[in-house]
Amino acid sequence: MTDPDVIVIGSGGGGAVIAKELGEKGLQVLVLEAGPWYGNSQWPDPNKNRGAQNSSKSDDLNIFLFKEQYTKDEGEMNDLITGRLRWGPADRNRSPWFRNVTRRGFVWQNSGVGGTTQSYLANSPRAFPVTVDHVWPISYRELIPYYEKVEATLPVEFAPMTSKEELFFYGAKKAGWQLIPTLDVTVPGYRPQPNAILPPNKNLTRPDYSVEQLSWMQGCTLAGHCIN
């Protein structure tokens, strides 16, 4: 790459999007990411290599390599010290990055190309208008076109209901709360959660397919690989 017009630090949900938007406008964009890059043929073993790799060709992306590297072993993927999705550098000879949590809680933050979207749980609600208006430098109404663009791209729709949600809705209705049928929450109530997930694979309930076979099929298979 020649001298870039823009350097983006971090390739998570924010960095990757701004790099894409600027690149589509003809700017030369360089993205720097300290974590590993799973599913790239130029970096076949990102948990052993020390990094300092680069790629700018979509042909380097390999879905088969990606799925081999993303296992269903929760400890192997999510352990805070040794997990593949840990918050730390690609070089596993170095320690994880420090995160100071001042209150009781857990922050699930990943490093790597894709950032925390590598463990994206598809929960996509809009902010409450009262937390934006007269607090942010722009109004909630000015935010709506950007919400709509994101929701159309992902795409976002209300999640299907299971028996657990139906029971909760029954209790909320009996308690006097109103159903909120829109994405904007301006009054108290209850509603299905806006999600951005692939539709469940039609073979999900068939016993003649193993979990491993299902994980290679299109659509959400509830195997930790529901990638949009």
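This is a guided tour of the structure, one selection at a time.

**Before you start**

The model is predicted: local features need pLDDT of at least 70, side-chain atom pairs count only at pLDDT 80 or more, and totals for chains, interfaces and linings use all residues. Residues are numbered from 1 along each chain as its sequence is written, and side-chain values use heavy atoms, with hydrogens and water left out.

**Whole chain**

Show the chain as a cartoon. It has six helices and four strands. Helices (H or I, at least four residues) and strands (E, at least two) are DSSP runs, numbered from the N terminus. Along the sequence the pattern reads β-α-β-α-α-α-β-α-β-α. The C-alpha atoms fill a box of roughly 60 × 55 × 40 Å along the principal axes.

Of the 228 residues, 31% count as buried. Buried means under 20% relative accessible area, exposed over 50%, and partly exposed in between (1.4 Å probe, protein chains only).

Contact means heavy atoms within 4.5 Å. Among contacts between residues at least 6 apart in sequence, 45% join residues at least 24 apart.

**Arg-84**

Select Arg-84, in the loop between α3 and α4. Buried or exposed? Arg-84 is buried, with a relative accessible area of 17%. Leave aside its neighbours within four places in sequence, and its contacts include Tyr-38, Tyr-70, Glu-68, Glu-76 and Arg-92. Asn-47, Gln-69, Thr-71 and Met-77 are also in contact with Arg-84.

**Aromatic rings**

Stay with two of those contacts. Tyr-38 and Tyr-70 form one aromatic cluster with Phe-66. Rings of Phe, Tyr and Trp (its six-membered ring) pair if their centres lie within 6.5 Å; planes under 30 degrees apart count as stacked, over 60 as edge-to-face and the rest as tilted.

How many aromatic pairs does a search of the whole structure find? The search finds six. Select Trp-87 and Trp-97: the ring centres are 5.0 Å apart and the planes at 80 degrees, so this pair is edge-to-face. Both residues lie in the loop between α3 and α4, so the pair ties together parts that are 10 residues apart in sequence. Trp-87 is partly exposed at 26% relative accessibility, and Trp-97 is partly exposed at 30%.

Go next to Phe-168 and Phe-169. Their ring centres are 6.1 Å apart with planes at 55 degrees, so the pair is tilted. Phe-168 is exposed at 54%, whereas Phe-169 is buried at 16%.

**Nonpolar patch**

Select Leu-80, Ile-81, Phe-106, Trp-108 and Leu-121. They form a nonpolar surface patch with about 570 Å² of accessible area together. Patches take residues with over 30% relative accessible area and no salt bridge, joining like charges within 9 Å and nonpolar side chains (Val, Leu, Ile, Met, Phe, Trp, Tyr) within 5 Å. A salt bridge is a side-chain nitrogen of Lys or Arg within 4 Å of a carboxyl oxygen of Asp or Glu. Leu-121 sits in the loop between α3 (74-78) and α4. Leu-121 is exposed, at 65% relative accessibility.

**Helix α4**

Select residues 140-153. These 14 residues should span 20 Å at 1.5 Å a residue, and the end C-alpha atoms are 20 Å apart, which agrees. The expected span is 1.5 Å times one less than the number of residues. Colour the buried residues: Tyr-140, Leu-143, Ile-144, Tyr-147 and Glu-151.

**Last stop: Val-187**

Val-187 lies in the loop between α5 (163-174) and β4 (194-195). Val-187 is partly exposed, at 48% relative accessibility.

Key:
Accessible areas come from the Shrake-Rupley method with a 1.4 Å probe; for residues, only the protein chains shown count as cover.
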